[in-house]
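Subject: Structure handover and notes on helix packing

Dear colleague,

I am passing on the structure we discussed, and below it you will find my notes on what turned up when I went through it. Please have the sequence and the coordinates open as you read.

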Amino acid sequence: MQIERAVKRRAGPSAIASLLEHAGDQLQSDRPEVAVRACYSAVRERLASDVDAAESLTHWEFYQQCQQAEDEAPTAGDGNVDTLRAITEVYERATFSDEGVSTAAAEQTLARARQLCGVGDFASVESADD
């Protein structure tokens with residue numbers, strides 16, 4: 001988690017790209033949980049300014065705030081809240097579950113995060129089997 005904190009201090013598009021690059025590197029190193037956490041950090045960084053969210057919000061509180069913002073201005077969110085929910089669910093498993101996440105789920109999460117953040121190739125965001 002140290003890389004996510006260090007990159008977050010630099011905030012902005014380059015920090016988001018760095019987090020997603022780190023996620024890809026972690027996938028290559030067979031560390032899907034670390035990759036998913038980096039993806040979540042990138043997505044949260046990307047969306048935080050859209051909803052003016054406090055850094056202290058839990059992952060589900062942050063999701064709820066994004067959902068509320070999209071409900072209030074549906075055209076502003078472009079459906080990002082659905083993607084955020086999928087990423088948040090995998091992040092929760094990667095962070096708090098003893099089961100962890102599969103490489104396929106982490107790859108799918110990275111593709112979704114890239115799409116949501118508008119960074120790099122989006123690859124496939126089709127459903128992954130866990």
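The model is a predicted one, and I begin with N80, which lies in helix α6, the helix that spans residues 80-96. N80 has a relative accessible area of 18%, and because the cut-off for a buried residue is under 20%, N80 counts as buried. Leaving aside its neighbours within four places in sequence, N80 is in contact with R46, L47, E70 and L116.

One of those partners, L47, can also be followed from its own side: when residues up to four places away in sequence are not counted, L47 touches F62, C66, L84 and L116 as well as N80.

Next, the packing of α6 on helix α7, which covers residues 103-117: the two helices meet at an angle of about 145 degrees, and their axes are 10 Å apart. The crossing in which α6 passes α7 is left-handed. On the α6 side the contact is made by N80, T83, L84, A86, I87, V90 and R93, and on the α7 side by A105, T109, R112, A113 and L116. Sorted by class, the residues of this contact are 7 nonpolar, 3 polar and 2 charged.

Helix α7 also packs against helix α2 (residues 13-28), here at an angle of about 165 degrees and with the axes 11 Å apart. Angles over 145 degrees count as roughly antiparallel, and α2 is therefore roughly antiparallel to α7. Here too the crossing is left-handed, with α2 passing α7. From α2 the contact takes in I16, L20, A23, G24 and L27, while α7 contributes T103, A106, E107, L110, A113, R114 and C117. The residues of this contact divide into 8 nonpolar, 2 polar and 2 charged.

Technical notes:
Residues numbered from 1 in each chain as written. Predicted model: local features only at pLDDT ≥ 70, side-chain atom pairs only at ≥ 80, totals over all residues. Heavy atoms only, no water. Helix = DSSP H or I, 4+ residues; strand = E, 2+ residues; numbered from the N terminus. Buried < 20%, exposed > 50% of the residue type's maximum accessible area, 1.4 Å probe, protein only. Contact = heavy atoms within 4.5 Å. Axes fitted to C-alpha atoms, helices over the stretch in contact; angles between N-to-C directions. Left-handed = near helix turned anticlockwise from the far one by under 90°. Nonpolar A, V, L, I, M, F, W, Y, C, P; charged D, E, K, R; others polar. Parallel < 35°, antiparallel > 145°, perpendicular 65-115°, else oblique.
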